[in-house]
Amino acid sequence: MRAVKINLAGRERYLCFTVEAMFQIEERFGGTRELTDTMEANSRTGFEAACGAAAILAEQGELCRRSMGYEQEPLCSAEEIAAAMAPSDLARLKLAVVSAITLGYGREVEPANDEVDMGLAELNEQKKTR
């Protein structure tokens, strides 16, 4: 599980952008681009979007934790996040939401086998020595 750890509503939470989170964000906000555009605004709408997205991502993070055998923690709602959020924490929340989405879309590519392209390795080495 690739997630962003953050303190929300008095508890340590993990924001995890899963396929389910992607669909929920698409249904609620129109997609991740629309969500981030809305969160950029320093307004009630931006704040509510950040809290709503954080609640979705925290729920998915908790469900991932549970599936990995960790002890259950309570889920938190957007309203609980909003009620416990200090103004100084808003920028951190927005950054954590965007970071979780970025992590979710990222991918780790591992070679299918241990073959090494000697020609490519030699070419890369020549570029380094120039």
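The legends below describe close-up views of a predicted model of one protein chain.

**Overview. The protein chain and its helices and strands.** Six helices and two strands make up the protein chain, where helices (H or I, at least four residues) and strands (E, at least two) are DSSP runs numbered from the N terminus. Read along the sequence, these elements follow the pattern β-β-α-α-α-α-α-α. Of its 130 residues, 32% count as buried, a class that means under 20% relative accessible area, with exposed meaning over 50% and partly exposed lying in between (1.4 Å probe, protein chains only). The accessible surface of the protein chain comes to about 8600 Å², of which 50% belongs to carbon and sulfur atoms, as given by the Shrake-Rupley method with a 1.4 Å probe. Among contacts (heavy atoms within 4.5 Å) between residues at least 6 apart in sequence, 66% join residues at least 24 apart. Residues are numbered from 1 along each chain as its sequence is written, and side-chain values use heavy atoms, with hydrogens and water left out. Because the model is predicted, local features need pLDDT of at least 70 and side-chain atom pairs count only at pLDDT 80 or more, whereas totals for chains, interfaces and linings use all residues.

**View 1. Residue A3, in the segment before β1.** A3 lies in the segment that precedes β1, and it counts as partly exposed because its relative accessible area is 25%. Not counting residues up to four places away in sequence, A3 touches Y14, L15, C16 and L103. From C-alpha to C-alpha, A3 and L57 are 9.0 Å apart in space, although 54 residues separate them in sequence.

**View 2. Residue A9, in the loop between β1 and β2.** The loop that holds A9 runs between β1 (4-8) and β2 (11-15). The phi of A9 is near 50 degrees, which is a positive value in a residue other than glycine. With a relative accessibility of 33%, A9 counts as partly exposed.

**View 3. The packing of helix α1 against helix α3.** The axes of helix α1 (residues 19-29) and α3 come within 9 Å and cross at roughly 155 degrees, so α1 is roughly antiparallel to α3, a term for angles over 145 degrees. Axes here are lines fitted to C-alpha atoms, for helices over the stretch in contact, and angles run from 0 to 180 degrees between N-to-C directions. E20, A21, Q24, I25, R28 and F29 of α1 make the contact with E48, A49, G52, A53, I56, L57, E59 and Q60 of α3.

**View 4. Residue Q60, within helix α3.** Q60 has its place in helix α3 and counts as buried, at 7% relative accessibility. Leaving aside its neighbours within four places in sequence, Q60 is in contact with C16, T18, E20, A21 and Q24.

**View 5. The packing of helix α3 against helix α5.** Helix α3 (residues 44-67) and helix α5 (residues 90-105) pack at an angle of about 50 degrees, and their axes are 10 Å apart. That angle makes α3 oblique to α5, oblique being the class left over once angles under 35 degrees (roughly parallel), over 145 (roughly antiparallel) and 65 to 115 (roughly perpendicular) are set aside. The contact is made by G46, F47, A50, C51, A53, A54 and L57 of α3 together with L90, L93, K94, V97 and A100 of α5.
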